[in-house]
Structures are given as C-alpha cells and as structure tokens.
Amino acid sequence: MDRKAITEEVGRALRLQPITDLHTHCYSPRFGASPQPGGLLLWGIDELLTYHYLVAEVYRVAPPTELPYERFWAMGKVRQAEHIWKNLFLERTPLSEACRGVLTTLGLLGLDPNEKDLNRHRRWFAEQDPDRYVDRVMEISNVDTITMTNAVFDDPERGMWLSDPRVGNDPRFKAVLRIDPLVCDWPWAARKLSTWGYAVAEDFSGRTSDEGRRFLREWIARMEALYVAVSLPADFRYPGLLPTPRRKKAARNPADRVLAEMVLPVLLEEGLPFAMMIGSRRQVNPDLRDAGDMAGQADLESLIHLCREFPRNRFLVTMLSRENQHELCVVARKFPNLMVFGCWWFLNNPSLIEEVTRMRLELLGTSFIPQHSDARILDQLIYKWEHTREVLARVLTDRYADLESTGFHVTPERIQHDARLFLRDNFRDFVNGG
C-alpha cells in the first residue's frame with residue numbers, strides 16, 4: 001500500500017475496533033451517580049469543568065491572592081465550574097489538553113463548543129438519564145468495557161459492596177481491587193483489617209499473613225476482580241530494607257512482607273495480574289487537594305527485583321515520569337511476565353503519548369498496551385479515546401510506511417489485527433494468562 005492507503009486503513013481500523021479500557025475511575029450507575037450525594041459515577045458538564053487538572057490550571061491565571069483556596073472549596077461545584085469556565089474558556093483561549101478535552105467532548109455529543117452560555121450545556125445534561133448516558137458515551141467512544149478502580153479501603157464504597165452483592169453486576173463495567181494502603185501504609189491497613197474481623201497484627205505475628213491472604217481472596221471473589229492494583233510513590237523500593245542498629249541484618253519493610261507473603265501468592269493462586277502504577281508524589285500542594293499531586297522519577301531496580309523474584313506472577317506496569325519510560329521498555333524486553341501499559345496521568349498528553357508510543361513500538365513491537373483513559377469523569381472517555389486514536393494513527397502510519405519501504409507488504413488484515421491487539425486483545429490475553 002502507498003502512504004495514502006495506509007493512512008486511510010489505519011484510521012478506519014482504529015475507528016472500528018472496540019476498546020477495552022483497562023484502567024478508569026468511572027463507576028457503574030449502580031454505585032450512584034452525581035449530582036446524587038455520595039454517587040460514585042461522576043458525569044456532566046460541571047464534573048468535567050471541576051476536574052482536578054482544570055482546578056490546578058485555573059490557579060495559574062486566577063491565583064490564590066485573588067481567590068484563596070479555602071474560598072474556592074467552599075463555593076460548591078456549580079460556582080467552581082462557573083469560575084473555571086469564565087477564566088479558562090471565556091477570558092482565555094482554551095489551548096491546554098484538559099480544556100481541549102472538554103470541547104472535544106461537547107462537540108462529539110452534538111453540542112456547540114462555541115456556546116458561551118454554560119447554562120445551556122447544563123440544561124442538556126440535566127435531560128440525560130445516567131444509565132442510558134453510559135451507553136451513549138460508550139457508543140461514541142467505541143469502548144466495549146469500562147474497567148473500574150474499586151478502593152476496598154474507602155469506607156463508602158466498601159459499604160456498597162457489602163450492602164448489595166449485585167452492585168457490581170453491570171456487564172458494561174468490570175471491577176479491579178485497589179489496595180493502596182495495604183502496601184503503602186501497613187500499620188493503618190492492619191488496624192482497619194482488625195476492625196473488620198481479620199486477625200492481623202502490625203508486627204506480622206500470629207496468623208497475620210494467612211488472614212491477609214483471606215482478606216484478598218474474599219474481596220477478589222466478591223468483586224470478581226480482573227486484577228489487583230496499587231499506586232506507588234516515586235520513592236517505592238523493593239526490597240525496602242530498614243536499618244536496625246541492634247541487628248546485623250536489616251529488617252524487611254512491611255511493604256515487602258505484604259507483597260511477598262500476601263498479595264503475590266494470592267494473585268498467583270487466582271491467576272490474576274498485579275498492576276503497579278509507579279511514580280506519584282502526593283500533595284506537594286495540599287491546598288489544591290486532588291490537584292496538588294505531581295510526578296517523580298522512580299527506581300526501576302525494584303521492578304526488576306519483583307519480576308525476577310516472582311517469575312510466575314504477571315505484572316501490569318505504568319510509570320508516571322517521562323524519564324522512566326525508556327528504561328521501563330528495556331526492562332520489559334527482559335521479563336515476559338511484565339506488560340507495559342498506558343501513558344498515565346501527566347503523560348496523558350498527545351505530544352508525550354506520541355513520543356512514548358513511537359519508542360515502545362521500536363523496542364517492543366506489538367507486545368504492549370498503548371493507552372488507557374484513566375478517566376475520572378464518564379464523559380472523558382469520549383475525548384481521551386478520540387485524541388488517543390489521532391496519535392496512534394499518526395504513529396502507526398509512519399511505522400507501516402517504514403515497513404513498506406523495506407519491501408515488506410503491509411495489508412489491511414495486518415493493520416486490523418494490530419488494532420485489535422493494541423486496543424483490546426493484549427490486555428485481555430494478559431489478564432487471562434496469555
């Protein structure tokens with residue numbers, strides 16, 4: 001095929017291929033939907049505008065000397081959305097990716113992205129039924145499965161699972177057991193588990209490891225979880241040895257024991273992957289709340305140790321720092337039990353997605369997962385996948401053209417096959433043990 005034919009075929013294949021979104025923060029309407037108090041499914045124009053990326057961005061142009069943080073948080077979501085709309089969309093050109101995403105979403109929903117009256121958009125969203133709106137968003141974005149993030153240590157969500165066993169029975173959504181405190185703050189998690197009836201101790205005495213494994217098995221079964229996930233700080237280390245003045249040998253970090261004695265044995269037994277999202281630095285500006293986190297460069301030695309020490313476990317890994325991406329690809333070439341996925345959080349911008357995806361293609365061929373949406377608001381599925389398809393189309397077109405220049409024949413069937421791998425099958429096969 002010539003370049004024009006390749007371009008057309010790549011665009012067609014990516015548009016037509018249904019997507020399994022392996023990591024989002026979206027929920028089934030069974031968990032309640034905004035603006036219902038306590039509803040976990042966030043959707044609609046006010047949620048889009050108060051997304052934490054835009055909260056951070058608005059403080060670049062309307063600083064706290066003009067609107068103190070505490071006053072902003074006291075305003076309520078409607079007034080916060082109006083403040084962001086005014087400052088980022090009306091008084092300035094909405095050039096950032098977060099702003100462009102809102103406009104892409106409005107346009108693909110059939111709304112006018114040039115409309116200046118926010119209340120007109122609000123009236124349209126108010127007419128939508130959340131359950132049917134999920135179907136509409138999935139149809140526009142061509143997403144066939146939305147993978148949730150289900151934080152078992154979040155008391156309101158945990159209560160929903162316990163009070164109604166059917167809460168997870170929405171075929172459009174799949175659950176993931178998220179266990180951050182278990183790994184990152186064992187003393188706090190141990191106290192929680194103890195109050196929930198598990199015989200655990202902070203010092204790992206008695207039946208602690210057995211009971212930790214029982215906790216994981218029970219919640220994997222209750223959620224029918226696709227995998228177990230944790231978000232790790234940039235300074236995460238495995239093994240994380242602690243200096244002990246009274247002993248010749250250093251003591252094991254509690255996180256080491258949680259991983260080696262609880263998490264990884266259960267996942268091996270259940271045949272499930274362990275997803276690690278590595279590189280966050282939490283609350284560098286706590287006044288911004290969720291918008292106050294940032295990225296940090298992590299140490300790949302920890303990942304190497306885990307892949308080598310637990311060769312029968314499968315690891316789904318994404319890293320937040322741009323500086324970690326090349327080394328992560330090289331590590332993946334050494335360990336077949338490691339699947340690299342997505343451009344997470346601050347990497348989820350077209351220029352960086354393009355750079356990282358080109359490198360991954362060159363080093364890993366088709367054996368990685370280019371992207372996940374990480375959507376926190378349902379509507380974001382629309383723009384995140386629309387923008388991702390644009391980037392993938394450019395990158396794949398160039399790569400197929402390079403192949404053609406060698407004399408190798410690229411066919412529509414090969415392009416369609418690769419689209420299936422990248423947007424669905426690499427993830428599904430890895431989760432299923434392939």
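**Figure 1. Helix H6 is largely enclosed by the rest of the structure, since nine of its twelve residues are buried.** The view is taken from a predicted model. The buried residues of H6 are Glu97, Ala98, Cys99, Gly101, Val102, Leu103, Thr104, Thr105 and Leu106. Their covering includes helix H2 (45-49), helix H3 (52-61) and helix H5 (77-90), together with helix H7 (118-126), helix H16 (350-364) and helix H17 (380-405).

Figure 2. After H6 comes Gly110, which has a positive phi, near 95°.

**Figure 3. Ala33 lies in the loop between strand S1 (19-21) and H2.** Is Ala33 buried or exposed? Its relative accessible area is 10%, and because buried means under 20%, Ala33 is buried. Leaving aside residues up to four places away in sequence, Ala33 touches Gly39, Leu41, Trp43 and Pro130. Between Ala33 and Leu48 there are 15 residues of separation in sequence and 14 Å in space, taken from C-alpha to C-alpha.

**Figure 4. The largest cavity holds about 40 Å³ of space.** The structure has two cavities of 30 Å³ or more. Lining the largest cavity are Ile19, Thr20, Ile369, Gln371, Trp385, Leu421, Phe422, Leu423, Arg424, Asn426 and Phe427. Two or more residues of this lining come from each of S1 and helix H18 (412-431). H18 gives the most, with six residues. By residue class, the lining of the largest cavity comprises seven nonpolar residues, three polar residues and one charged residue.

**Figure 5. The second largest cavity has a volume of about 30 Å³.** The residues that line the second largest cavity are Val10, Ala13, Leu14, Leu396, Tyr400, Ile415, Asp418 and Ala419. Helix H1 (3-16), H17 and H18 are the elements that give two or more residues to this lining.

How values were computed. Residues are numbered from 1 along each chain as its sequence is written. This is a predicted model: local features need pLDDT of at least 70, side-chain atom pairs count only at pLDDT 80 or more; totals for chains, interfaces and linings use all residues. Side-chain values use heavy atoms; hydrogens and water are left out. Buried means under 20% relative accessible area, exposed over 50%, partly exposed in between (1.4 Å probe, protein chains only). Helices (H or I, at least four residues) and strands (E, at least two) are DSSP runs, numbered from the N terminus. Contact means heavy atoms within 4.5 Å. On a 1 Å grid over the protein atoms alone, a cavity is a set of points where a 1.4 Å probe fits but cannot get out, and a pocket is an open set with protein on both sides within 12 Å along at least five of seven lines; lining residues have an atom within 4 Å of a point. Grid points are joined across faces, edges and corners, and a volume is the space filled by probe spheres set on the points. Ala, Val, Leu, Ile, Met, Phe, Trp, Tyr, Cys and Pro count as nonpolar, Asp, Glu, Lys and Arg as charged, and the others, Gly among them, as polar.
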